[in-house]
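Here are my notes for a first look at this structure. Please keep the view open beside you as you read.

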Amino acid sequence: MIRGILIEKTAGGQTARLADIDDGQLPAGDVTVDVAWSTLNYKDALAITGSSPVVRSFPMVPGIDFAGTVAASDNPAFRPGDSVVLNGWGVGEKHWGGLATRARVSADWLIPLPAAFSPRQAMSVGTAGYTAMLCVLALEKHGVKPGDGEVLVTGANGGVGTVAIAVLSKLGYRVVASTGRPQEAAFLTSLGAAAIIDRAELSAPGRPLGKERWAGAVDTVGSHTLANVCASLRYGGTVAACGLAQGLDFPATVAPFILRGITLAGIDSVMRPKADRLEAWSRLATDLDPSALDLITHGIGLEDVIATAGDLLAGKVRGRVAVRVA
Ligand code: NDP
């Protein structure tokens, strides 16, 4: 038997519970992993609460990330005892995920656990942190340099936002954090934010073009916020857009694109090719201070996952949540 979170379909929708599950029910895959740590991302919270149709087949073990040890492998790329990490690939959505003591997956989805991180630290990073790094890489690839001016991070207290602030500030950028929780200003400053703005400044419908302010931005919020960020990017600036915490809509005009040559770089972490994942994890190993991870993360057990998922969607969780599974 394995122990994990199980989401089942009901007449009225879906329900999630902590359950003992027959490991004969594990899905097909060439590598079986003893999961040590998982995490709770925004998408996991949506899946567990059923607030959004994240789960595509039932029953489902959620958890889009895990870190653990290979227990058995039919693939020469991995041997029993290897430490591995998984992020995304539809795991926890259409293939059983990391919020259970054992997982069975395709070897193609696994990467070696970077030496810089323990399994817990890797899950402190998780999809949120790996996505933050993909956003930073996108800014770099579009030529945004530390000396160019202020860089904005929206959804600052969230998982993506906190890691983005920590990495960008370590790289020498002057980071401005946009948040709806001004009471967390000291925390955001301790991560490296040079200034804090109220997210209300960005969340209402705005003008097609605003004052040029940001050399670059990491946006986790979407909707009017992303439109306003585009309108206030400096000439030639770039925003890496990865999230929809405010909304899925994007009520913008083409003005900043055709008059200021800005770039909107879309970031998907789920189906990202392996080479990009390895680059992101290797950069996290050098550009994310482990002490920042300690500041950002709090640990919970499997028994706390369902309640914490509700808190996360209610905006009550700060930073990252690592889940002890083993
Ligand atoms: P969290 O829930 O940890 O953080 C989201 C943050 O957004 C909150 O902490 C809050 O920050 C802010 N926020 C919440 N509601 C609103 C609102 N109505 N208007 C403006 N800001 C709001 O989520 P994550 O950081 O893990 O993920 C952020 C987004 O990125 C999510 O939409 C998620 O789905 C997406 N994502 C996308 C990925 C991809 O591959 N593209 C991968 C990972 C995440 P504060 O309190 O500071 O204002």
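**Notes on the model**

1. Let us begin with Trp89, which sits in the loop between strand 5 (83-87) and strand 6 (102-105). Although Trp89 is not a glycine, its phi is positive, at about 65 degrees. Here helices (H or I, at least four residues) and strands (E, at least two) are DSSP runs, numbered from the N terminus.

2. A word on the source: this is a predicted model, in which local features need pLDDT of at least 70 and side-chain atom pairs count only at pLDDT 80 or more, while totals for chains, interfaces and linings use all residues. Residues are numbered from 1 along each chain as its sequence is written, and side-chain values use heavy atoms, with hydrogens and water left out.

3. Another loop to visit runs between helix 1 (42-49) and strand 4 (65-73), and it holds Pro59. Phe58 and Pro59 are joined by a cis peptide bond, with omega at about -10 degrees.

4. Next comes the open sheet, whose 6 strands follow the order 10-9-8-11-12-13 with parallel pairing (two strands pair if DSSP finds at least two bridges between them). Strand 10 (193-198) and strand 13 (263-266) are the edges; each has a single partner strand, so one side of each lacks a neighbour in the sheet. From one strand to the next, the twist averages 20 degrees.

5. Opposite Val176 you will find Ala195 in strand 10.

6. Helix 3 (residues 159-170) lies across strand 8 (151-153), strand 9, strand 10 and strand 11 (214-219), and runs at about 155 degrees to strand 8. Angles run from 0 to 180 degrees between N-to-C directions, and axes are lines fitted to C-alpha atoms, for helices over the stretch in contact.

7. Helix 2 (residues 119-141) packs against helix 8 (residues 274-287) at about 100 degrees, their axes 9 Å apart. The two helices are therefore roughly perpendicular (65 to 115 degrees). Contact, meaning heavy atoms within 4.5 Å, involves residues including Tyr130 and Met133 of helix 2 and Trp281 and Leu284 of helix 8.

8. For ligand nitrogen atoms, a backbone N or O atom of Cys242 lies 3.0 Å from one, and a backbone N or O atom of Ile267 lies 2.8 Å from one.

Note on methods. Parallel < 35°, antiparallel > 145°, perpendicular 65-115°, else oblique. Polar contact = N/O pair within 3.5 Å; in protein donor to acceptor, adjacent residues only side chain to side chain.
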